[in-house]
Amino acid sequence: MNLQLLRQLNEARAAKRATCLVRFLDRHEESLVVDGKLVDGAPLSPALVDAVAAAHREDRSRTLEGEEGRIFLQIFNPPLRLLIVGAVHIAQALAPMASLAGYAVTVIDPRRSFATDARFPDVALNGEWPDDAMSELAPDRRTAVVTLTHDPKLDDPALDVVLRSEAFYIAALGSTRTHRQRVARLRELGHGDEAIARIHGPAGLDIGAVSPAEIAVSVMAEMTRVLRRPDEPAAG
Amino acid sequence: MTGEHDILAQAAAWKDEGRKVALATVVSTWGSSPRPAGSQLLVDGAGNMMGSVSGGCIEGAVVKEALAVMEGAPPTLLEFGVSNEQAWDVGLACGGRVQVYVEAVS
(Lines give C-alpha, C1' and ligand atoms only; values in the text may rest on other atoms or scores of the structure.)
Protein backbone atom coordinates (compact mmCIF):
# COMPACT_ATOMS: atom_id res chain seq x y z
CA MET A 1 0.00 0.00 0.00
CA ASN A 2 1.31 3.46 -0.75
CA LEU A 3 1.10 6.47 1.53
CA GLN A 4 -1.30 8.33 -0.78
CA LEU A 5 -3.84 5.52 -0.61
CA LEU A 6 -3.37 5.29 3.16
CA ARG A 7 -4.13 9.01 3.44
CA GLN A 8 -7.29 8.68 1.33
CA LEU A 9 -8.36 5.74 3.48
CA ASN A 10 -7.75 7.72 6.67
CA GLU A 11 -9.68 10.73 5.33
CA ALA A 12 -12.68 8.57 4.41
CA ARG A 13 -12.67 6.95 7.86
CA ALA A 14 -12.33 10.32 9.60
CA ALA A 15 -15.34 11.57 7.60
CA LYS A 16 -17.29 8.53 8.90
CA ARG A 17 -17.90 7.17 5.41
CA ALA A 18 -18.66 3.50 4.80
CA THR A 19 -15.22 2.52 3.54
CA CYS A 20 -13.85 -0.70 2.05
CA LEU A 21 -10.24 -1.39 1.16
CA VAL A 22 -10.24 -4.13 -1.47
CA ARG A 23 -6.91 -5.93 -1.40
CA PHE A 24 -5.93 -8.18 -4.29
CA LEU A 25 -3.60 -10.40 -2.28
CA ASP A 26 -2.00 -12.22 -5.20
CA ARG A 27 -1.23 -9.24 -7.42
CA HIS A 28 -0.45 -6.91 -4.48
CA GLU A 29 -2.86 -4.15 -5.52
CA GLU A 30 -5.64 -2.29 -3.74
CA SER A 31 -8.84 -0.51 -4.66
CA LEU A 32 -10.57 1.90 -2.32
CA VAL A 33 -14.37 2.09 -2.22
CA VAL A 34 -16.07 4.89 -0.26
CA ASP A 35 -19.86 4.98 0.09
CA GLY A 36 -20.09 2.47 -2.74
CA LYS A 37 -17.97 4.55 -5.13
CA LEU A 38 -14.50 3.65 -6.44
CA VAL A 39 -12.03 6.27 -5.19
CA ASP A 40 -8.71 4.66 -6.12
CA GLY A 41 -7.40 1.57 -7.87
CA ALA A 42 -8.80 -0.75 -10.52
CA PRO A 43 -12.59 -0.93 -11.09
CA LEU A 44 -14.39 -3.84 -9.42
CA SER A 45 -16.42 -6.55 -11.13
CA PRO A 46 -20.18 -6.42 -10.48
CA ALA A 47 -19.86 -9.52 -8.27
CA LEU A 48 -17.17 -7.82 -6.21
CA VAL A 49 -19.31 -4.67 -5.85
CA ASP A 50 -22.08 -6.88 -4.42
CA ALA A 51 -19.63 -8.60 -2.09
CA VAL A 52 -18.45 -5.23 -0.76
CA ALA A 53 -22.05 -4.19 -0.05
CA ALA A 54 -22.72 -7.48 1.77
CA ALA A 55 -19.56 -7.15 3.86
CA HIS A 56 -20.66 -3.66 4.93
CA ARG A 57 -24.09 -4.90 5.95
CA GLU A 58 -22.57 -7.68 8.05
CA ASP A 59 -19.80 -5.39 9.30
CA ARG A 60 -17.31 -8.16 8.71
CA SER A 61 -14.03 -8.14 6.79
CA ARG A 62 -13.39 -11.34 4.85
CA THR A 63 -11.31 -13.01 2.12
CA LEU A 64 -12.88 -14.20 -1.14
CA GLU A 65 -11.34 -16.61 -3.64
CA GLY A 66 -12.23 -16.32 -7.31
CA GLU A 67 -10.94 -15.76 -10.81
CA GLU A 68 -8.94 -12.76 -9.64
CA GLY A 69 -7.25 -14.81 -6.92
CA ARG A 70 -7.58 -14.12 -3.25
CA ILE A 71 -9.21 -10.80 -2.42
CA PHE A 72 -9.46 -9.40 1.09
CA LEU A 73 -12.29 -6.97 1.77
CA GLN A 74 -11.34 -4.81 4.73
CA ILE A 75 -14.43 -3.08 6.05
CA PHE A 76 -14.38 0.22 7.92
CA ASN A 77 -17.89 1.07 9.03
CA PRO A 78 -18.72 4.37 10.69
CA PRO A 79 -17.64 4.27 14.33
CA LEU A 80 -19.79 2.89 17.10
CA ARG A 81 -21.36 5.51 19.33
CA LEU A 82 -22.82 5.35 22.80
CA LEU A 83 -25.19 8.09 23.96
CA ILE A 84 -25.69 8.05 27.73
CA VAL A 85 -28.55 10.04 29.23
CA GLY A 86 -27.68 10.99 32.80
CA ALA A 87 -24.25 12.11 33.98
CA VAL A 88 -24.64 9.88 37.03
CA HIS A 89 -22.25 7.61 38.92
CA ILE A 90 -22.87 4.61 36.64
CA ALA A 91 -22.13 6.81 33.62
CA GLN A 92 -18.73 7.61 35.12
CA ALA A 93 -17.91 3.90 34.92
CA LEU A 94 -19.71 3.10 31.68
CA ALA A 95 -18.21 5.95 29.62
CA PRO A 96 -14.55 4.85 29.92
CA MET A 97 -15.46 1.16 29.49
CA ALA A 98 -17.34 1.86 26.27
CA SER A 99 -14.53 4.09 25.08
CA LEU A 100 -12.06 1.21 25.57
CA ALA A 101 -14.41 -1.02 23.56
CA GLY A 102 -14.20 1.42 20.64
CA TYR A 103 -17.32 3.54 21.13
CA ALA A 104 -17.35 7.33 20.77
CA VAL A 105 -19.22 8.28 23.95
CA THR A 106 -21.46 11.31 24.56
CA VAL A 107 -23.01 11.96 27.96
CA ILE A 108 -26.22 14.00 27.88
CA ASP A 109 -27.45 15.82 30.98
CA PRO A 110 -28.90 19.33 31.24
CA ARG A 111 -28.13 19.43 34.98
CA ARG A 112 -24.91 21.42 35.07
CA SER A 113 -23.71 20.08 38.41
CA PHE A 114 -23.74 16.52 37.03
CA ALA A 115 -22.24 16.94 33.58
CA THR A 116 -18.88 18.43 34.49
CA ASP A 117 -15.48 17.89 32.91
CA ALA A 118 -14.10 17.02 36.32
CA ARG A 119 -16.53 14.09 36.63
CA PHE A 120 -16.13 13.09 32.97
CA PRO A 121 -12.61 13.77 31.77
CA ASP A 122 -12.15 13.12 28.04
CA VAL A 123 -15.87 12.47 27.43
CA ALA A 124 -18.05 14.58 25.14
CA LEU A 125 -20.75 16.29 27.24
CA ASN A 126 -24.04 17.60 25.92
CA GLY A 127 -26.05 19.94 28.16
CA GLU A 128 -29.20 20.13 26.01
CA TRP A 129 -32.53 18.63 27.04
CA PRO A 130 -32.36 14.96 26.11
CA ASP A 131 -34.95 15.11 23.31
CA ASP A 132 -33.15 18.05 21.66
CA ALA A 133 -29.78 16.36 22.20
CA MET A 134 -31.05 13.10 20.68
CA SER A 135 -32.53 14.84 17.65
CA GLU A 136 -29.24 16.63 17.13
CA LEU A 137 -27.06 13.53 17.61
CA ALA A 138 -29.37 11.44 15.38
CA PRO A 139 -28.74 7.85 16.54
CA ASP A 140 -28.08 5.48 13.60
CA ARG A 141 -27.71 1.70 13.39
CA ARG A 142 -24.17 1.99 14.81
CA THR A 143 -25.43 3.81 17.91
CA ALA A 144 -26.36 2.51 21.37
CA VAL A 145 -28.42 4.57 23.81
CA VAL A 146 -28.62 4.03 27.56
CA THR A 147 -30.79 6.13 29.89
CA LEU A 148 -29.58 6.24 33.48
CA THR A 149 -31.32 9.16 35.22
CA HIS A 150 -34.34 7.30 36.69
CA ASP A 151 -36.12 10.62 36.11
CA PRO A 152 -39.03 10.43 33.64
CA LYS A 153 -38.59 14.14 32.86
CA LEU A 154 -35.16 13.33 31.39
CA ASP A 155 -35.33 9.67 30.31
CA ASP A 156 -38.75 9.68 28.60
CA PRO A 157 -38.14 12.49 26.08
CA ALA A 158 -34.87 10.80 25.11
CA LEU A 159 -36.55 7.42 24.63
CA ASP A 160 -39.38 9.03 22.69
CA VAL A 161 -36.87 10.24 20.08
CA VAL A 162 -34.62 7.17 20.18
CA LEU A 163 -37.48 4.74 19.56
CA ARG A 164 -38.03 6.46 16.23
CA SER A 165 -34.37 5.90 15.27
CA GLU A 166 -32.39 2.88 14.08
CA ALA A 167 -30.25 2.66 17.26
CA PHE A 168 -29.09 -0.95 17.61
CA TYR A 169 -29.30 -1.03 21.41
CA ILE A 170 -31.66 0.90 23.65
CA ALA A 171 -31.58 0.34 27.40
CA ALA A 172 -33.21 2.07 30.34
CA LEU A 173 -32.00 1.70 33.91
CA GLY A 174 -34.59 1.03 36.57
CA SER A 175 -36.33 -1.82 38.35
CA THR A 176 -38.94 -4.02 36.71
CA ARG A 177 -41.66 -1.95 38.40
CA THR A 178 -40.14 1.34 37.21
CA HIS A 179 -39.90 -0.11 33.75
CA ARG A 180 -43.60 -1.08 33.73
CA GLN A 181 -44.50 2.51 34.57
CA ARG A 182 -42.12 3.78 31.90
CA VAL A 183 -43.70 1.49 29.31
CA ALA A 184 -47.16 2.82 30.21
CA ARG A 185 -45.97 6.41 29.74
CA LEU A 186 -44.33 5.60 26.39
CA ARG A 187 -47.56 3.97 25.20
CA GLU A 188 -49.34 7.23 25.96
CA LEU A 189 -46.81 8.92 23.68
CA GLY A 190 -47.95 6.59 20.91
CA HIS A 191 -45.30 3.85 20.95
CA GLY A 192 -46.58 0.36 20.10
CA ASP A 193 -45.47 -3.11 21.23
CA GLU A 194 -42.77 -3.43 18.61
CA ALA A 195 -41.10 -0.17 19.63
CA ILE A 196 -41.41 -0.89 23.35
CA ALA A 197 -39.91 -4.35 22.89
CA ARG A 198 -36.71 -2.73 21.63
CA ILE A 199 -35.99 -1.29 25.10
CA HIS A 200 -33.81 -3.43 27.32
CA GLY A 201 -35.25 -2.72 30.73
CA PRO A 202 -34.00 -3.23 33.35
CA ALA A 203 -30.75 -2.40 31.58
CA GLY A 204 -27.92 -4.92 31.44
CA LEU A 205 -27.42 -8.66 31.85
CA ASP A 206 -28.57 -10.20 35.11
CA ILE A 207 -25.17 -10.91 36.68
CA GLY A 208 -25.97 -9.72 40.17
CA ALA A 209 -24.27 -6.37 39.62
CA VAL A 210 -24.34 -4.09 42.68
CA SER A 211 -21.77 -1.30 42.39
CA PRO A 212 -21.89 1.34 39.62
CA ALA A 213 -18.89 -0.28 37.91
CA GLU A 214 -20.51 -3.72 38.02
CA ILE A 215 -23.74 -2.34 36.59
CA ALA A 216 -21.68 -0.70 33.84
CA VAL A 217 -20.12 -4.12 33.10
CA SER A 218 -23.55 -5.72 32.81
CA VAL A 219 -24.76 -2.99 30.42
CA MET A 220 -21.53 -3.20 28.41
CA ALA A 221 -21.94 -6.98 28.15
CA GLU A 222 -25.55 -6.76 26.98
CA MET A 223 -24.69 -4.06 24.45
CA THR A 224 -21.88 -6.24 23.11
CA ARG A 225 -24.14 -9.25 22.75
CA VAL A 226 -26.78 -7.29 20.87
CA LEU A 227 -24.07 -5.85 18.59
CA ARG A 228 -22.35 -9.14 17.86
CA ARG A 229 -25.28 -11.56 17.99
CA PRO A 230 -28.22 -9.44 16.85
CA ASP A 231 -30.36 -12.49 16.08
CA GLU A 232 -30.11 -14.00 19.54
CA PRO A 233 -33.23 -13.50 21.64
CA ALA A 234 -32.84 -11.21 24.62
CA ALA A 235 -32.30 -12.92 27.95
CA GLY A 236 -31.38 -12.01 31.43
CA MET B 1 -10.69 6.40 20.20
CA THR B 2 -8.69 3.37 21.15
CA GLY B 3 -10.16 0.91 18.64
CA GLU B 4 -8.66 -0.85 15.66
CA HIS B 5 -8.79 2.17 13.43
CA ASP B 6 -6.13 4.21 15.22
CA ILE B 7 -3.51 1.97 13.70
CA LEU B 8 -3.88 3.32 10.18
CA ALA B 9 -3.70 6.91 11.40
CA GLN B 10 -0.56 5.98 13.33
CA ALA B 11 0.87 4.32 10.21
CA ALA B 12 0.53 7.58 8.27
CA ALA B 13 1.96 9.57 11.21
CA TRP B 14 4.99 7.28 11.51
CA LYS B 15 5.53 7.50 7.75
CA ASP B 16 5.40 11.30 8.00
CA GLU B 17 8.12 11.14 10.64
CA GLY B 18 10.30 9.41 8.08
CA ARG B 19 10.12 5.97 9.65
CA LYS B 20 9.94 2.78 7.64
CA VAL B 21 6.51 1.27 8.18
CA ALA B 22 4.92 -2.14 7.56
CA LEU B 23 1.36 -3.29 8.16
CA ALA B 24 0.32 -6.83 9.00
CA THR B 25 -3.39 -7.64 8.55
CA VAL B 26 -5.35 -10.74 9.57
CA VAL B 27 -7.12 -11.68 6.32
CA SER B 28 -8.56 -15.12 7.19
CA THR B 29 -9.21 -17.13 10.31
CA TRP B 30 -10.34 -20.70 10.88
CA GLY B 31 -11.57 -22.18 14.12
CA SER B 32 -10.77 -20.46 17.35
CA SER B 33 -8.48 -17.52 16.76
CA PRO B 34 -7.91 -14.56 19.02
CA ARG B 35 -8.30 -11.66 16.58
CA PRO B 36 -10.84 -11.32 13.74
CA ALA B 37 -10.12 -10.61 10.07
CA GLY B 38 -9.16 -6.96 9.68
CA SER B 39 -7.08 -6.84 12.87
CA GLN B 40 -3.79 -5.09 12.24
CA LEU B 41 -0.29 -4.81 13.61
CA LEU B 42 1.85 -1.83 12.72
CA VAL B 43 5.63 -2.18 12.79
CA ASP B 44 8.37 0.39 12.21
CA GLY B 45 11.95 -0.08 11.08
CA ALA B 46 13.17 -0.33 14.66
CA GLY B 47 10.69 -3.10 15.46
CA ASN B 48 8.28 -0.90 17.47
CA MET B 49 4.77 -2.31 17.26
CA MET B 50 1.22 -1.14 17.75
CA GLY B 51 -1.97 -3.21 17.58
CA SER B 52 -2.10 -7.00 17.31
CA VAL B 53 -2.85 -9.90 15.00
CA SER B 54 -3.11 -12.54 17.74
CA GLY B 55 -3.02 -12.82 21.48
CA GLY B 56 0.73 -12.32 21.28
CA CYS B 57 1.50 -15.82 19.97
CA ILE B 58 2.70 -14.91 16.48
CA GLU B 59 3.64 -11.24 16.73
CA GLY B 60 7.34 -12.06 17.00
CA ALA B 61 7.34 -13.98 13.72
CA VAL B 62 5.21 -11.33 12.02
CA VAL B 63 7.60 -8.56 13.06
CA LYS B 64 10.48 -10.52 11.51
CA GLU B 65 8.61 -10.63 8.17
CA ALA B 66 7.60 -6.99 8.52
CA LEU B 67 11.25 -5.97 8.84
CA ALA B 68 12.00 -7.94 5.65
CA VAL B 69 9.25 -6.24 3.59
CA MET B 70 10.44 -2.84 4.85
CA GLU B 71 13.86 -3.71 3.41
CA GLY B 72 12.29 -4.36 0.01
CA ALA B 73 10.95 -7.91 0.13
CA PRO B 74 7.59 -8.33 -1.68
CA PRO B 75 4.35 -8.42 0.35
CA THR B 76 3.79 -11.86 1.80
CA LEU B 77 0.89 -13.96 3.03
CA LEU B 78 1.82 -15.86 6.20
CA GLU B 79 -0.14 -18.72 7.67
CA PHE B 80 -0.01 -19.78 11.30
CA GLY B 81 -1.63 -22.72 12.99
CA VAL B 82 -0.90 -25.54 15.33
CA SER B 83 0.47 -28.79 13.93
CA ASN B 84 2.30 -31.60 15.71
CA GLU B 85 5.66 -30.48 14.41
CA GLN B 86 5.26 -26.85 15.24
CA ALA B 87 3.19 -27.04 18.41
CA TRP B 88 6.21 -25.88 20.35
CA ASP B 89 7.35 -23.52 17.64
CA VAL B 90 5.46 -20.43 16.53
CA GLY B 91 1.75 -21.10 16.51
CA LEU B 92 -1.55 -20.48 18.15
CA ALA B 93 -2.07 -22.23 21.44
CA CYS B 94 -5.82 -21.84 20.93
CA GLY B 95 -5.71 -24.35 18.06
CA GLY B 96 -6.94 -21.90 15.40
CA ARG B 97 -5.37 -20.93 12.12
CA VAL B 98 -4.83 -17.44 10.75
CA GLN B 99 -3.52 -15.93 7.53
CA VAL B 100 -1.68 -12.65 7.88
CA TYR B 101 -0.82 -10.36 4.97
CA VAL B 102 2.35 -8.36 5.54
CA GLU B 103 3.17 -5.34 3.37
CA ALA B 104 5.29 -2.20 3.49
CA VAL B 105 3.74 1.28 3.32
CA SER B 106 5.69 2.83 0.47
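Mentor: Two strands are said to pair if DSSP finds at least two bridges between them, and with that in hand we can turn to this predicted model.

Trainee: In which sense do β4 and β5 of chain A pair, and over how many bridges?
Mentor: Strand β4 covers residues 62-66 of chain A, and β4(A) and β5(A) form a hairpin with 2 residues between them. Within this pairing A:Arg62 stands opposite A:Leu73 in β5(A). The sense of the pairing between β4(A) and β5(A) is antiparallel, and the number of bridges is 5.

Trainee: Which residue of β5(A) does A:Thr19 stand opposite?
Mentor: Strand β1 of chain A, residues 19-24, also pairs with β5(A), in the antiparallel sense and over 6 bridges. The residue of β5(A) that stands opposite A:Thr19 is A:Phe76.

Trainee: Why is strand β5 of chain A described as largely enclosed by the rest of the structure?
Mentor: The cut-off that matters here is that a buried residue has under 20% relative accessible area. Strand β5(A) spans residues 69-76, and it is called largely enclosed because the buried ones among its 8 residues number 7.

Trainee: Is A:Asp109 buried or exposed?
Mentor: A:Asp109 is found in the loop between β7 (104-108) and β8 (124-126) of chain A. Leaving aside residues up to four places away in sequence, A:Asp109 touches several others, including A:Gly86, A:Phe114, A:Asn126 and A:Glu128. Because its relative accessibility is 1%, A:Asp109 counts as buried.

Trainee: With which side chain does the side chain of A:Asp109 make a polar contact?
Mentor: A polar contact requires a pair of N or O atoms within 3.5 Å. For the side chain of A:Asp109 the distance is 2.8 Å, and the partner is the side chain of A:Arg111.

Trainee: Which elements of chain A are included in what covers the buried residues of α5(A)?
Mentor: Helix α5 of chain A runs over residues 152-162, and its buried residues include A:Leu154, A:Ala158, A:Leu159 and A:Val162, together with A:Asp155, A:Asp156 and A:Asp160. The cover over these buried residues includes β6 (81-85), α4 (130-137), β9 (143-147), β10 (169-172) and α6 (176-188).

Trainee: At the start of α5(A), which backbone nitrogen does a side-chain oxygen of A:Asp151 reach?
Mentor: The side-chain oxygen of A:Asp151 comes to within 2.9 Å of a backbone nitrogen at the start of α5(A). That nitrogen belongs to A:Lys153.

Trainee: What percentage of the residues in chain A is buried?
Mentor: Chain A contains 8 helices and 11 strands. Of its 236 residues, the buried share is 49%.

Technical notes: Residues numbered from 1 in each chain as written. Chains lettered and ligands numbered in written order. Predicted model: local features only at pLDDT ≥ 70, side-chain atom pairs only at ≥ 80, totals over all residues. Heavy atoms only, no water. Helix = DSSP H or I, 4+ residues; strand = E, 2+ residues; numbered from the N terminus. Buried < 20%, exposed > 50% of the residue type's maximum accessible area, 1.4 Å probe, protein only. Polar contact = N/O pair within 3.5 Å; in protein donor to acceptor, adjacent residues only side chain to side chain. Contact = heavy atoms within 4.5 Å.
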